[in-house]
Structures are given as structure tokens and as C-alpha cells.
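Please report on the fold and the charged side-chain pairs of this protein.

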Amino acid sequence: MKKWVMAVSTLAIMAGLAGCSSNYVMATKDGNMILTQGKPKLDKDTGLISYQDEQGNKRQISGDQISQLIER
């Protein structure tokens, strides 16, 4: 429970500090935070979410692993 509260608090702080950017934070069910450049896209056929990480690398993650998506 404490881990969940810390994750939500971190997301709220990051969202507040980031302002009006078009980047996103994805929270995974195992407690990791993934920072993206631009809005991640969901492929409804495969269930994969495609995104570009902060270093500019294109990546994919299963939509089942994401618990929350917040614009920062």
C-alpha cells in the first residue's frame, strides 16, 4: 500500500511541475514509471502500447502492464 501511495504522489508532483508539455508518464502495475516523448499509441489488434522514450528510442509494452497514463 505504501508503494502505491508513493507512486501516486510522485505522478502528481511530476504532473504539476511539468506544466503544459505533451509528454506522458506511464505507471506500470509493478510500480515503475515510464517517461515518454509524445502521446503513446495503443494498437487495438495486438494490445501493445507504442511510445518513444526520453532518449528517442521507439519501444512497446503490453497494455495489460500499464495501470495509469498521465499527461505531464
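The report covers the basis of the model, the fold, the surface and the salt bridges.

## Basis

This is a predicted model: local features need pLDDT of at least 70, side-chain atom pairs count only at pLDDT 80 or more, and totals for chains, interfaces and linings use all residues. Residues are numbered from 1 along each chain as its sequence is written, and side-chain values use heavy atoms, with hydrogens and water left out.

## Fold

Helices (H or I, at least four residues) and strands (E, at least two) are DSSP runs, numbered from the N terminus.

The five strands form an open sheet in the order β4-β3-β2-β1-β5, with antiparallel pairing. Its edge strands are β4 and β5, each pairing on one side only. From one strand to the next, the twist averages 45 degrees. Axes here are lines fitted to C-alpha atoms, for helices over the stretch in contact, and angles run from 0 to 180 degrees between N-to-C directions. Two strands pair if DSSP finds at least two bridges between them. Five bridges join β3 and β4 in the antiparallel sense. Leucine 48 has serine 62, in β4, as its bridge partner.

## Contacts and surface

Consider contacts (heavy atoms within 4.5 Å). Among those between residues at least 6 apart in sequence, 41% join residues at least 24 apart.

The protein has 72 residues, and 25% of them count as buried. Buried means under 20% relative accessible area, exposed over 50%, and partly exposed in between (1.4 Å probe, protein chains only). The accessible surface is about 5,100 Å², with 53% belonging to carbon and sulfur atoms. Areas come from the Shrake-Rupley method with a 1.4 Å probe; for residues, only the protein chains shown count as cover.

## Salt bridges

Side chains of opposite charge can pair when their charged atoms come close. The structure holds two salt bridges. The criterion is a side-chain nitrogen of Lys or Arg within 4 Å of a carboxyl oxygen of Asp or Glu.

One joins aspartate 53 and arginine 59, with the closest N and O atoms 2.8 Å apart. Aspartate 53 is buried at 7% relative accessibility. Arginine 59 is partly exposed at 42%.

Glutamate 54 and arginine 72 also form a salt bridge, at 3.1 Å from N to O. This pair links distant parts of the chain, 18 residues apart. Glutamate 54 lies in the loop between β3 (48-53) and β4 (58-62), and arginine 72 in the segment after β5 (66-71). Glutamate 54 is partly exposed at 39% relative accessible area, whereas arginine 72 is buried at 15%.
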